[in-house]
Amino acid sequence: MMKRIHLNHILATFTIVSILTSCQPSFDADIGKTEVAKWYQDKTGAVSLTFDDGTVHQFTIAMPMLDSLGMKGTFYIITGKIPESQYRGTFIGRPGEEIIAETAKIPTNKDNLLERASAIGFLGYEGGLDYHTRAGAAVDAENVDKAIEIIEEGYAKIRAGKLRRVGPPSSYREANDTTTWELYRQYAANGHEIASHTVTHPRLAILDEPNILYELEKSKEEIENQIGEDYIFSAEGPYGTENEHSVEYVLKVYKSARNRMPEPFLAELNRGAKESPGEGKEGKEYVQWQRGPLSKTPMELMKSWVDTTAARNDTWLVLVFHGVEGVGWEAKPKEQLREYFEYVAAKKDDVWVAPFVEVTQYIRERMAAEINTKIDGSTIVVNLTHTLDPKWYGHSLTLKTLVPDWKKVQVKQGDTTLAVRMTEEDGKKYVMYEALPNGEPVTVREME
């Protein structure tokens with residue numbers, strides 16, 4: 001199973017209720033005030049290293065680098081190209097020959113576009129998948145008329161015999177650059193997030209409902225059956241789509257999508273954004289800043305993204321990698337990756353480096369947290385709760401409690417003694433520790 005992380009710090013819009021009873025005269029009125037730090041271990045930001053497509057060098061070259069530096073990544077995999085997978089690319093709907101015949105009588109239009117675009121890659125004609133992909137790119141660019149033109153051309157060529165018949169319907173995703181489910185289980189057990197990138201990597205924006213659900217649900221089912229329920233939390237719709245039709249369906253099937261996170265407390269700067277954090281996105285508690293290092297992206301620019309994240313207190317840098325060492329789209333050379341990963345690792349005192357799922361869960365828990373504190377004699381009692389589904393949101397949160405001028409402090413949750421770290425801010429002492437929400441009360445007291 002995926003490691004349950006100890007989630008940390010918050011300084012935001014969760015609710016704090018303070019009840020002070022039996023207060024000793026030496027106790028300041030604020031003693032017992034408890035916050036949840038904004039980021040894990042009170043860092044100044046977060047970084048997630050994510051990889052798309054599941055190409056082999058991500059696991060044989062990039063992943064060992066991450067492991068050697070104590071960092072874990074998120075790998076969005078195309079499940080239909082893994083040799084042992086049950087679910088492959090297919091068209092869900094009417095017989096293909098029936099659709100082809102219909103295209104000779106009824107032109108492609110907005111009413112039949114999605115069905116025809118869903119089918120064309122699975123009719124067994126060379127180049128059919130390319131028509132699907134180009135039409136989907138047009139829809140992602142909000143040019144539906146261009147998509148109609150592309151699909152109409154594709155079917156006209158099929159009817160005229162200008163696309164070579166290559167055999168039975170296929171997803172054309174039988175790639176030789178993938179890995180096995182047994183290895184994916186090992187990677188997950190080692191702390192990496194394995195997540196969905198659909199069954200065949202289609203253009204979701206141009207799929208009709210039965211086919212978009214097949215791509216999302218069967219990939220999810222495959223991952224759950226092969227690795228486990230902990231790995232069906234998040235997904236990435238291919239090509240980084242932000243199309244509303246696509247994202248709506250992704251978020252119906254998964255708890256989160258790297259494509260879009262429409263949270264009221266989160267400003268989104270996705271890969272195409274020209275702004276940097278702080279440029280017109282003020283007023284939100286968090287900024288998710290996605291950057292996609294391409295094969296020729298300068299190293300200094302890539303490093304500057306990390307520096308910006310470390311210098312602020314609101315930024316979650318989501319890095320999106322694809323190919324590695326000649327395999328995959330926009331492949332980064334391994335020496336560049338090593339230099340960059342080492343740079344990120346050197347910033348771990350400032351930024352929290354964690355998989356996408358962990359940062360998502362932490363932020364949501366933090367924003368939903370409610371803290372109730374009271375002083376019982378010489379003991380501070382803290383109750384931490386939230387109303388999120390405990391099936392997905394049961395990680396511990398690191399709390400920060402104001403204490404008197406104590407030399408040594410003991411913190412326990414129920415019978416469990418928690419690790420503590422003392423800090424001082426503006427002449428006041430705080431103790432930091434990790435506690436489970438909706439668990440037993442936390443007690444904070446001075447040690448003899």
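1. The model is predicted.

2. Helix H2 covers residues 96–103, and helix H5 covers residues 144–159. They pack at an angle of about 105°, and their axes lie 10 Å apart. H2 and H5 are therefore roughly perpendicular to each other.

3. Which residues make the contact of H2 with H5? On the H2 side they are Ile-99, Ile-100 and Thr-103. On the H5 side they are Tyr-155, Ile-158 and Arg-159. By class, the contact has 4 nonpolar residues, 1 polar and 1 charged.

4. Now the strands. Strand E4 spans residues 74–77 and is covered on both faces. Thr-74 and Tyr-76 are buried on one side. Phe-75 and Ile-77 are buried on the other.

5. E4 pairs with strand E3, residues 45–53. The two run parallel and are joined by 4 bridges. In this pairing, Asp-53 stands opposite Ile-77 of E4. The chain gets from E3 to E4 by way of helix H1, residues 56–68. This β-α-β crossover is right-handed.

6. E4 also pairs with strand E5, residues 193–196. Again the strands run parallel, with 4 bridges between them. Here Tyr-76 stands opposite Ala-195 of E5.

Conventions:
Residues are numbered from 1 along each chain as its sequence is written. This is a predicted model: local features need pLDDT of at least 70, side-chain atom pairs count only at pLDDT 80 or more; totals for chains, interfaces and linings use all residues. Side-chain values use heavy atoms; hydrogens and water are left out. Axes are lines fitted to C-alpha atoms, for helices over the stretch in contact, and angles run from 0 to 180 degrees between N-to-C directions. Angles under 35 degrees count as roughly parallel, over 145 as roughly antiparallel, 65 to 115 as roughly perpendicular and the rest as oblique. Contact means heavy atoms within 4.5 Å. Ala, Val, Leu, Ile, Met, Phe, Trp, Tyr, Cys and Pro count as nonpolar, Asp, Glu, Lys and Arg as charged, and the others, Gly among them, as polar. Buried means under 20% relative accessible area, exposed over 50%, partly exposed in between (1.4 Å probe, protein chains only). Two strands pair if DSSP finds at least two bridges between them. A crossover is right-handed if, with the strands pointing away from the viewer, the path from the first strand over the helix to the second runs clockwise.
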